[in-house]
Amino acid sequence: MSLGSKTLFVTGASRGIGLAIALRAARDGANIAIAAKTVKPDPRLPGTIFTAAEEIEKAGGKALPLACDIRDEQSVDKAVAETVAKFGGIDILVNNASAISLTGTLATPMKRYDLMHQINARGTFMVSQKCIPHLLKAANPHVLNLSPPLDFDVKWFANHPAYTLAKYGMSVFAWSMAAEFKDKGIAFNCLWPRTAIATSAIQNILGGDEGMKQCRKPEIMADAAHAIFTRPSRACTGNFFIDDEVLAAEGVTDFDKYAVSPGTKLMPDFFVPAPGARTVVGKA
């Protein structure tokens, strides 16, 4: 299946994984609403909604750059309305926007706590809520939250409880909405990488240049997302997908092409359950 003529609403699509997912869909000829905050270049962060739009158009898609703060209800209402006005509807929602702070209880200012929960959990809930009326009219509607499996091993909470809870909030919403809207045919799934992904978060916060060498490229998440979006929504919902498992099921055997530095040992990502781990919900 192709995503040609499908309309995607992607939060945080000005860079990183969100942009990679948008570009993969654009190669099919999809319409992309780029809902993100960055309108002016930032020396610490590559890309704006306008540079993303240029890349999407060059890749073969149609782009709508939208200055959107997913913490603000009016901003989200306006972005969704503009998307529907331009493209006629919404087929796929990607809840990608996220904030991170890998800090313990005493080292997490409440301002940072609020930011993570407003963007990750509350933002995902609100954008989903605003898009669902339009997804209900789509032929094969999908919602994909870029959030992890619900593995409640305390090791994932001990060092950064505020961040973990904010990310797990995204996953809980996908899990619950999958059940809530199952009879309506909207698929709600989560996608998470097995390894660290080469993004600004790795470059600026977690690992620098050396850390980037231990990552896979965002394209692995983009290809996995594309595979999910082309599955029948009624038969593919309520899953907690891991990127390379999705692609292996599609017949992919060469994962070296996704490595930033092939042959370098890869950095495992947070929240990936150990084999046989007891999770709140089963893996996909």
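Helix 3 (residues 73-87) and helix 4 (residues 110-135) have axes that come within 10 Å and cross at roughly 30 degrees. Welcome to this predicted model, in which local features need pLDDT of at least 70, side-chain atom pairs count only at pLDDT 80 or more, and totals for chains, interfaces and linings use all residues. Residues are numbered from 1 along each chain as its sequence is written, and side-chain values use heavy atoms, with hydrogens and water left out. Helices (H or I, at least four residues) and strands (E, at least two) are DSSP runs, numbered from the N terminus.

- Two packed helices are described by the angle between their axes and the distance between the axes.
- Here the axes are lines fitted to C-alpha atoms, for helices over the stretch in contact, and angles run from 0 to 180 degrees between N-to-C directions.
- Helix 3 and helix 4 are therefore roughly parallel to each other (angles under 35 degrees count as roughly parallel, over 145 as roughly antiparallel, 65 to 115 as roughly perpendicular and the rest as oblique).
- The crossing of helix 3 and helix 4 is right-handed, a word used if the near helix is turned clockwise from the far one by less than a right angle.
- From helix 3, E73, V76, D77, V80 and V84 meet M126, V127, K130, C131 and H134 of helix 4 (contact means heavy atoms within 4.5 Å).
- Sorted by class, this contact of helix 3 with helix 4 has 6 nonpolar, 1 polar and 3 charged residues (Ala, Val, Leu, Ile, Met, Phe, Trp, Tyr, Cys and Pro count as nonpolar, Asp, Glu, Lys and Arg as charged, and the others, Gly among them, as polar).

- In helix 1 (residues 16-26), 10 of the 11 residues are buried, so helix 1 is largely enclosed by the rest of the structure (buried means under 20% relative accessible area, exposed over 50%, partly exposed in between, with a 1.4 Å probe and protein chains only).
- The buried residues of helix 1 include I17, L19, I21, L23 and R24.
- They pack against strand 1 (7-11), strand 2 (31-36), helix 2 (49-59), strand 4 (92-95) and helix 9 (219-229).

**Two buried asparagines**

- N189 lies in strand 6 (residues 187-192) and is buried, with a relative accessible area of 0%.
- A polar atom of the N189 side chain lies 2.8 Å from the backbone oxygen of C236, and the side chain of N189 also reaches the backbone nitrogen of N239 at 2.9 Å.
- N145 belongs to strand 5 (residues 142-145) and counts as buried at 2% relative accessibility.
- The side chains of N145 and N95 are joined by a polar contact of 2.8 Å (a pair of N or O atoms within 3.5 Å; within protein, one must be able to donate a hydrogen and the other to accept it, and residues adjacent in sequence count only if both atoms are side-chain atoms).
- Setting aside neighbours within four places in sequence, N145 is in contact with N95, T124, M170, A174, N189, C190 and L191.

**Positive phi values**

- Most residues other than glycine have a negative phi.
- S5, though not a glycine, has a positive phi of about 75 degrees; S5 sits in the segment before strand 1 and counts as exposed at 58% relative accessibility.
- F271 is not a glycine and has a positive phi of about 75 degrees; F271 is placed in the segment after helix 10 (243-249) and is buried, with a relative accessible area of 0%.
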